[in-house]
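Here is a short note for someone opening this entry for the first time. Please keep the sequence and the 3D view at hand while reading the points.

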Amino acid sequence: MVSEHAASERTAQVLVASNRGPVTYAFREDGTLDARRGGGGLVSGLSAIGPDAGALWVCAALGDGDREAVRRGVAEPGVRMLDIDPAIHAAAYNGIANSVLWFVNHMLYQTPLEPVFDAEFRRQWVAYRTYNRAFAEVLATEAAPGAVVLIQDYHLALAPGMLREHRPDVRIGHFSHTPWAPPEYFRMLPDDIAEELLLGMLGADRLGFLTSRWARTFMRTCPSVLGPYDVVPSWPKDEAPHITVRGPGPARGRTWIGVHGLGADAEFLRRRSHETDVAERMVALREQVGPGRKTIVRVDRTELSKNIVRGLLAYRALLDEHPEWRERVVHVAFAYPSRQDLTVYRDYTAEVTRVAEEINAQYGTPGWTPVVLHVKDDFARSLAAYRMADVALVNPIRDGMNLVAKEIPVVSDAGCALVLSREAGAYEELHDEAIGVNPYDVAGTAAALHQALSMSDGERAERSKRLAVAATALPPQQWFLDQLHALQALGEGGQEPDDFGRA
Ligand code: F6P
């Protein structure tokens, strides 16, 4: 429902801040605005506290429809969209967040030529600061005394420190949805920028990560970057891990570290994947695959880290090394557009299509299309592919978690074998039942695909069941509540649970 936005000051008890919000606005033909609700872990997580909990989600206006909604004073209840100057937003989001911080944490630079930290980068960094400050100021205005504020991701790394300056009374959490780069790689950033970024994050009371690997790497990074400060990372037996920083600047003395491995939402996925539109998509997809054939399924946003091209090359190597699979298997690859403002993403998307077409031209027969590639986002069709998956291929170069690896085993009708990159965060929880791969090793991935396709039906079903159990251990609602409660406990002088996964 769309209603007039009424600015409320200092009344929100729980605040979430993220670049992309839970709703987007599109123009209808008659010029009115159509509000579309998005999905994802944070949306279902926040639903756990119910509509009366005094929650407010602060996000950026991303497109023309969003900006117009802000201008017209149109807002969804519980959502505050910020109309940040488009040039500032573009420099902060595309320039810094997506082209620098995301690249650093995913270790994706082609280092002989990039990155180049020049005057243009400095200009964008100033915009990134302004963008973070816009969030911090609104959060400071909206938060009730003692409220809990949950700030999301690399877009908003400076906001915790900035908010802390305005509102020392609120409890601030920051959550990283990405991997964290090892100190040697992180230190590619200019020293003053690396320092500002970490001190910004350490302005939070508590920093959350998806796996203990990323949390530990972050803790190793802090002393190596914050040389002029007295930085003590600590993993005590009787307390949760934390980092103590002494020195000038916005950082508080102690920041707690927590690990929250977001899991799949089994209840939602099982219900949604049995709705009529999914059944319709299955009929169409079965037609494309052909009768009696096995499927290797992948579903990704076309992010540079997802390694879709090497996945296709591994499939081609499988057809070469094991010709017995020709005509008997189809690679169902969904690669949905992402960050198309960036040339490097557009080029990558084009390369995915080119390689898929090349495989089809080389091996295809009148009755068999080896790769069924779809690039138009369709959630019902993704669920249809999940249900039909015999093998799930999830081979990212590096990934914070990767929920697809967790979702397919939950949804697949007959159970699937999971070929999983050891560089995905999900590997930490799923490695016992998955077939692990080095994402750069195309021949190794081809061998893993062969192993997965050759698995007996019984073993595949059993492994898939165990994968589904591990994948749903921490549903989004509990993931969110755990973070909320940990922050609330800090304010009450309570002790953090030790959720760091220590031996
Ligand atoms: O790749 C995952 C991720 O980088 C998350 O960490 C982040 O929240 C999200 O993508 C942002 O995506 P977008 O740029 O499409 O808003």
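**Notes on the ligand site and the domain interface**

1. The ligand lies between domain 1 (4-262 + 476-491) and domain 2 (266-471), because both domains give residues to the shell around it. The domain bounds come from an automatic or database domain assignment.

2. A word on the basis. This is a predicted model, in which local features need pLDDT of at least 70 and side-chain atom pairs count only at pLDDT 80 or more, while totals for chains, interfaces and linings use all residues. Residues are numbered from 1 along each chain as its sequence is written, and side-chain values use heavy atoms, with hydrogens and water left out.

3. Which residues are around the ligand? They are R20, Y93, W102, D153, Y154, H177, T178, R301, E303 and R339. To count as near, a residue needs a heavy atom within 4 Å of the molecule. By class, the shell holds 3 nonpolar, 2 polar and 5 charged residues. Here Ala, Val, Leu, Ile, Met, Phe, Trp, Tyr, Cys and Pro count as nonpolar, Asp, Glu, Lys and Arg as charged, and the others, Gly among them, as polar.

4. Look next at the ligand's oxygen atoms. A polar side-chain atom of R301 is 2.7 Å from a ligand oxygen. E303 also places a polar side-chain atom 2.7 Å from an oxygen of the ligand. For R339, a side-chain N or O atom lies 3.0 Å from a ligand oxygen. The protein buries 82% of the 400 Å² that the ligand exposes when taken alone (Shrake-Rupley method, 1.4 Å probe).

5. Now the two domains. Their C-alpha centres are 31 Å apart. Domain 1 brings 24 residues to the contact and domain 2 brings 20 residues (contact: heavy atoms within 4.5 Å).

6. Domain 1 and domain 2 bury about 1,600 Å² between them, with 54% of it from carbon and sulfur atoms. Buried area is the accessible area (1.4 Å probe) that two parts lose on being put together, summed over both. W102, R213 and L262 supply 28% of the area that domain 1 buries against domain 2, more than any other three residues.

7. How many salt bridges cross the interface of domain 1 and domain 2? The rule finds 1 salt bridge there (a side-chain nitrogen of Lys or Arg within 4 Å of a carboxyl oxygen of Asp or Glu). R213 forms a salt bridge with E423, with their closest N and O atoms 2.8 Å apart.

Terms used:
Polar contact = N/O pair within 3.5 Å; in protein donor to acceptor, adjacent residues only side chain to side chain.
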